[in-house]
Amino acid sequence: MENNLPVNVREYQELAKKALSKMHYDYINGGAEDEHTLRDNIAAYGRILLRPRVLVDVSNIDMSTSLLGYNMPSPIIVAPTGSHKVANPEGEVATAKAAASCNSLMVLSFSSNCRIEEVAASCDAIRFYQLYVFKKRAVSATLVRRAESSGFKAIVLTVDNPMLGRRERDIRNKMVAPDKPNLEGLISLENLDTTDGSQLAKYVRDTMDPSLSWKDVEWLKSITSLPILVKGILTAEDARKAVEAGAAGVIVSNHGGRQLDYAPATISVLEEV
């Protein structure tokens with residue numbers, strides 16, 4: 001094994017900057033507008049100090065936990081992020097195999113570069129499926145049915161994306177929307193002009209439903225027997241509404257600082273939620 005492998009996440013970030021095109025690096029690394037929330041997501045952890053206790057037997061440490069009844073060796077899962085083939089030719093299949101090797105749980109992004117069925121067949125692991133709600137409800141319903149039939153164990157409904165955050169790096173780079181094979185035959189990705197900026201932004205404007213509301217959680221429950229997690233919660237009020245709507249759980253998230261800039265860092269609202 002090489003003795004110069006990265007030893008922390010920031011070193012991987014520097015390697016990625018060298019390996020990826022500027023457009024793809026900025027897409028992965030960037031946030032919305034001034035990127036205040038993006039920076040604060042990290043800085044907020046630095047404001048939390050540990051209160052160490054000593055002379056406690058730590059010869060056996062158990063970090064195992066469970067989520068929706070599925071056991072995991074630690075409370076770490078792979079969050080839904082799209083377009084993995086911009087960084088690895090195997091795309092989300094490689095990510096799924098890596099998660100399986102750690103007995104971790106992976107949430108497959110709706111914008112995966114690999115088909116739902118391909119990821120499901122790649123390894124034996126617990127997987128959840130991330131869903132966005134399209135203007136054409138039949139598109140979302142089809143994706144849910146495919147995930148359910150492929151053995152996915154829950155639906156992660158992302159609710160903080162009624163329209164795409166203003167990602168200035170993508171606008172400057174005229175970001176091209178990565179391939180989305182799971183949408184083939186469902187939505188046309190043609191004629192996405194980048195003259196005015198990000199192709200990805202135009203795709204979201206044309207396809208995603210900005211009228212998404214709490215009643216759509218009920219609609220989703222009516223078309224699947226899978227438990228539903230609501231992703232994008234930042235307040236106690238919305239956490240209560242999610243439970244009232246029948247969600248099995250919530251994911252505290254500000255979309256990695258990529259949606260509403262000057263929203264709070266997730267760790268800072270976790271206690272409230």
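Predicted model: local features only at pLDDT ≥ 70, side-chain atom pairs only at ≥ 80, totals over all residues.
The crossing in which H6 passes H9 is right-handed. On the H6 side the contact is formed by Arg137, Ser140, Ala141, Val144 and Glu148, and on the H9 side by Asp216, Trp219, Leu220 and Ile223. By residue class, this contact of H6 with H9 comprises 5 nonpolar, 1 polar and 3 charged residues.

Serine 140, a residue of helix H6, has a relative accessible area of 0% and is therefore buried. When neighbours within four places in sequence are left aside, the contacts of serine 140 are with Leu131, Tyr132, Val133, Phe134 and Trp219. Trp219 is also one of the H9 residues that make the contact between the two helices.

Helix H2 (residues 22-29) has Tyr25, Asp26 and Tyr27 as its buried residues. These buried residues of H2 pack against helix H1 (9-19), helix H7 (168-173) and helix H8 (199-207). Aspartate 26 and asparagine 71 are separated by 45 residues in sequence and by 35 Å in space, taken from C-alpha to C-alpha. Asparagine 71 is placed in strand S2 (residues 70-72) and, because its relative accessible area is 67%, counts as exposed. Beyond residues up to four places away in sequence, asparagine 71 touches Thr65 and Ser66.

In the loop that runs between S2 and helix H4 (92-101) lies histidine 84, which is buried because its relative accessible area of 15% falls under the 20% limit. Not counting residues up to four places away in sequence, histidine 84 touches Gly91, Glu92, Thr95 and Asn113.

Backbone geometry was also examined. Most residues other than glycine have a negative phi. Glutamate 35, although not a glycine, has a positive phi of about 60 degrees, and asparagine 103, likewise a residue other than glycine, has a positive phi near 55 degrees. Glutamate 35 is situated in the loop between H2 and helix H3 (36-46), whereas asparagine 103 is found in the loop between H4 and strand S3 (106-108). With regard to accessibility, glutamate 35 is buried because its relative accessible area is 12%, while asparagine 103 is exposed because its relative accessible area is 54%.

The cysteines were considered last. With a disulfide taken as a pair of cysteine sulfur atoms within 2.5 Å, the count for the model comes to 0. Cysteine 114 takes part in no disulfide, since the nearest cysteine sulfur, belonging to cysteine 123, is 11 Å away. For cysteine 102, the closest cysteine sulfur is again that of cysteine 123, and because the separation is 11 Å the two sulfurs are too far apart for a bond. Cysteine 114 counts as buried because its relative accessibility is 1%.

Terms used: Residues numbered from 1 in each chain as written. Heavy atoms only, no water. Buried < 20%, exposed > 50% of the residue type's maximum accessible area, 1.4 Å probe, protein only. Helix = DSSP H or I, 4+ residues; strand = E, 2+ residues; numbered from the N terminus. Contact = heavy atoms within 4.5 Å. Left-handed = near helix turned anticlockwise from the far one by under 90°. Nonpolar A, V, L, I, M, F, W, Y, C, P; charged D, E, K, R; others polar.
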